[in-house]
Amino acid sequence: MLSFKLEARPEASRTMSYLSPLIAVVLTMLGGLLLFSALGKDPLEGFQVFFLNPMRSWYGVSELLLKAVPLMLIAVGLAIGFRANVWNIGAEGQFILGACAATGAALLLEDVSGPQVLLAMIVAGALGGAAWAAIPAFLRTRFNANEILVSLMLVYVAQLLVSWLVFGPWMDPDGFNFPQSKMFSDSALLPMLVEGTRLNLAFVMALGVLVVGYVFMHRSYLGFKMRVAGEAADAARYAGFSAKRMVWFGMLAGGVCAGLAGMAEVAGPMGQLTDKVASGYGFAAIIVAFVGRLNPIGIFFASLLMALLFLGGEQAQLYMSLPASISKVFQGMLLFFLLGSDLFINYRLRMRRTLAKAGA
Amino acid sequence: MKPEHAAAASDAQPRLILQGIRKVYPAVVANDGIDLRVMPGEIHAVLGENGAGKSTLMKIIYGVTRQTSGEMFWEGQPVTVENPAHARSLGIGMVFQHFSLFETLTVLENVALALPGNPDLADLARRIESVSTRYGLPVDPRRHVHALSVGERQRVEIVRCLLQNPRLLIMDEPTSVLTPQAVRVLFETLRRLASEGCAILYISHKLDEIQELCHSATVLRGGKVTGACIPSAETPKSMARLMIGKDLPACVHTAGQADGEVRLKLAGLSQASPDPFGTALKDLQLEVRSGEIVGIAGVSGNGQAELLAAISGEIPLSEAGPVQICGNQAGRLSPDQRRQIGLCFVPEERLGRGAVPSMALSDNAILTAAAAKGLVKHGLIDFRAAKAFASECIERFNVKCGGPAAQARSLSGGNLQKYIMGREIMQAPKLLVAAQPTWGVDVGAAAFIRQQIIDLRNAGCAVLVVSEELDELFEICDRIAVIADGRLSPTRPLAETSVEDIGVWMSGMWPGAESAPAAPSDQSTSDL
Amino acid sequence: MEQSLFTSMLFATLVAGTPLIIVALGELITEKSGVLNLGAEGTMAMGAVAGFAATHYTGNPYLGVLAGMTAGALMSLLFGLLTLTLMANQVASGLALTIFGVGLSAFIGKPFESLTLQAVPAIRIPLLADIPYIGPALFNQQSLVYFSWALLGGVIWFLYKSRAGLILRAVGESPSSAHSIGYSVIGIRYLATTFGGAMSGIGGAFLSVFYTPLWVEGMVSGRGWIALALVVFATWRPLRVMAGAYLFGGVMISQLFIQGSGLQIEVPSQLLSALPYLATIIVLVLISRNQQTIRLNSPMSLGQPYRPDA
């Protein structure tokens, strides 16, 4: 008889840790085919619409990159914290606060023109996100309150805050009572990179953040300390790395990046603040960070993949009359498969022959 | 299986026979062709140094793990022990080295969990009391385990086994948590059990104990049986040769310096434990001088962890004065700040505290040597320097591993300890604090590590060693003190004391001790 | 007039607290075994949509509850597969479960949006319901409110009086000890996790079948997370779960009463809606401030994976 047995590897497999996301992607696609057939759709058509349609044209690719920008920005920031076991789950709220703060700057500087407007918005966005992330950081370091729950509760509060702003003080007087702010002036909009697309300067900004994130995580002493804190908290304490500083830095990194992403959203494709500003980037970025192995290079590719799932969902809604929320189903599947196949980083399957025992 | 039949024939035949037991783990062969035979009423030693495969063998007998191949016969019948519950139903009991007790539960609940069915608790409490009086193992069934001393916990484990009328009792390194006096009481209990017909498998690496207690012995080395003997007919030296294949290595030890400058001073250190089940430190006084090794003995759980954390800075104090390192009031400094003024610290837990399991040895070098060895420049890590330092450490301290890129968790306990010790020693500390420096390490590596500590002292370093192994402390220390229930005894030069005296001190009874210790525990047994 | 306002507020508080009690007690059992399942929000969402769908098709709200329970149990089995069999990180897997559950429920629930169900009539307990003030609020209630009380009693009995509960607590404290004296840690954790998931499913179904009764995407709106916070707030003690749940229920409905009362107060409605979330944060801070309390009461192996070395 053949049987399989799981056994621990003496060392974590580096190959598997890179292979695992790819396995997860393949399994997700297979899962997608099954899902489409279960829904009575032609699986190949579904695959085509979902995964290929969004990239049919250069414009499609530019939209993909545009969608990936907030994801990669937020995911890098989260990854810095996740590496240190600082679980900032509230990037969605920090994104919203970044968007609100940047909008505030744009509205304040309505009559100013020139690059200083954008600069002010970037600073405001980063600070807005950081401020929202500072709340769980403070409550965790000062009162030991669980940062997962606090940062998450603040997402709901942020959503109510933005709703209050666009229904109240910032509502566009000429907006027919729609919950949205005034459209931004040209100085408050990010310049386009390629004519005829919506891809803007935020993409360059995101790439810059990826590079900085890479150097920080892989070369800097502080990045090293955070990794130690995440992998062995006792060792970090033994070495003398301050746990509180890790929490602060991890939370703030996530907050700043999410705030920047929020700024890029209002100063980019939206051009104004609405109550639907967030649309799940903050949560999707958690998946991006994991699928990207908490590594900026991986995050780059994972954000493209996740953006594809977003766009694929829109395509599926348009052409196959499926709810757009199908993309969230795919996102969830992807993360499940990843977490599952990660088993093989630390374990391997041993096939072995065993003698059939009678009456054992 | 027909237990009645087997029981009827039990007098004539061995209680347990192992034939060709083999157990293969991914990286090692833990047991290889082990044969063993235990008769009723026999106290049988399984002797071997750390990593010889003793614990694995016992886990197989007790059904915690399954052998890869080989046969086991219980009272003449071939048997495959499916799990511990099955083992217990056969009549096999085991007292683990790391107790399998639940701290937040009461003694009664702990015992109930190991019994089949749903025993009536009131009745069970009475049974516990009767067994514990009968065998001289006093325990209060209503107390919570976390409130018990280590010795009391062991009694709970033994009582738990005895309630099931075991016909074979496995004791895994039972004396490592006891004072010498408590060991004698334990031996009485075991002899009494054996005289009633219970077979006992006694796992140990302590030769003198085995000579005193055991009727016969099986010696393991590297997973194989290297010999069987009658301990009373052997000398410790001859058994040691069976155990490690050569004579026990000895350290070159000359007298230390007595008048060096004070490098560590505890001036009335008092500190509550952050662990709700921990021990508070009470007014500790100590001086460790350059050029000497001071040892702190004690049964585990008497405040060692809290003391070490207070010295290392892992738990900072609220005031600076009580811990002074190299002339600095260091109580409020963080571990890395203390390192900068000359402290190096080797913790008891190697994986997860002394080293990050998933990180390469070169990365683990950065953990503590970043400042002393210049491994960080402008906030960025100099990986080449870290690798060079790790390589040098591996070579100088004879660490067997796959090179500086090997993950810490892939090393054996002894080699990782050599690496950590090397990493700290190569930073040329003024004060070295080491906890259980050779715990779980094979004899060769242990001797090497002890020699390194002595050499460091000879070079003028002040050394503090906290250990539960009295033999080790008596081998390397110049002065010795005892920690008991969070209090520290005065130090004595080694020449002016003995294992016996220190053993008494370990129960908190040193001259001038404030009061006879109220709670613990081990004392009550040694009176019996 | 005064009496009816008091009674109706009490009534509404009990109703609002009920899903929290059910979900938090389920999670409490899961956590007592050492498993931290952060997927309650997603599991509730699945329970809500499954419960709504089943009730819509069968017309029987109790089949809806059963469907919600089944959906919740299946979700937690998925979680168990990941964390217990495949040893994935519990925090990450819990988040994955929430993201997946919220997404999948929105996907499945699309056709049911804008449908409504018939309100389930309350069950009146004779005599008791006639007690002035509290009678009509306590004893003329939804069946699941009574169920939550029974569940509380059952959980207390199970944890502190039964042998199975003792084993569960032992596993949560020290899985390696439990393994070495012969208990199947993984099996017990699977059971505890599945129970937690089933309760989350019932909690979700209560929302969509009894409480609103309708299905909208995102209708759980953080209740799963609040239930998780409640377990911490209650320091893993069942009676306090109930007290906390009613406290939150009170906060949740007080904003409705204030908004509906026509009182002229200059407070934006969003601020009132944010109260439950802010209250959660405040409560977490208050209870976590004392680290000793948390350390003494939380299951010691909470969140740590365990695999017996075979």
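**Domains, contacts and a helix pair**

Author: The unreviewed UniProt entry puts the annotation "domain: ABC transporter" on residues 16-247 and 264-510 of chain B. Keep in mind that this is a predicted model.

Reader: OK, what makes up residues 16-247 of chain B, in terms of helix and strand?

Author: That stretch is 35% helix and 25% strand, and its end C-alpha atoms sit 32 Å apart. For residues 264-510 of chain B, the figures are 33% helix and 22% strand, with 23 Å between the end C-alpha atoms.

Reader: How do you know where domain 1 and domain 2 of chain B run?

Author: Those bounds come from an automatic or database domain assignment. It gives 3-91 + 165-244 for domain 1 of chain B and 262-526 for domain 2. Their C-alpha centres are 34 Å apart.

Reader: What makes a residue of domain 1 of chain B part of the contact with domain 2 of chain B, and how many residues take part?

Author: The test is C-beta atoms, placed from the backbone, within 7 Å. Twelve residues from domain 1 of chain B and 17 residues from domain 2 of chain B are in the contact. On the domain 1 side, helix α7 (residues 180-195) of chain B brings the largest share, four residues. By class, that side has six nonpolar, five polar and one charged.

Reader: And what does chain B put into its contact with chain A?

Author: Chain B gives 29 residues, and chain A gives 21. On the chain B side, α11 (335-340), α12 (361-369) and β18 (380-381) supply at least two residues each. The classes there come to 14 nonpolar, ten polar and five charged.

Reader: What is the hand of the crossing between α2(C) and α4(C)?

Author: α2(C) passes α4(C) in a left-handed crossing.

Reader: Which residues of α2(C) and α4(C) meet?

Author: From α2(C), they include Glu41(C), Met46(C) and Val49(C). The partners in α4(C) include Leu97(C), Phe100(C) and Ile108(C).

Definitions and conventions
Residues are numbered from 1 along each chain as its sequence is written. Chains are lettered from A and ligands numbered from 1 in the order in which they are written. This is a predicted model: local features need pLDDT of at least 70, side-chain atom pairs count only at pLDDT 80 or more; totals for chains, interfaces and linings use all residues. Two residues are in contact if their C-beta atoms, placed from the backbone, lie within 7 Å. Ala, Val, Leu, Ile, Met, Phe, Trp, Tyr, Cys and Pro count as nonpolar, Asp, Glu, Lys and Arg as charged, and the others, Gly among them, as polar. UniProt positions are given in the numbering used here, feature names are shortened, and annotations may be inferred rather than shown by experiment. A crossing is left-handed if the near helix is turned anticlockwise from the far one by less than a right angle, and right-handed if clockwise.
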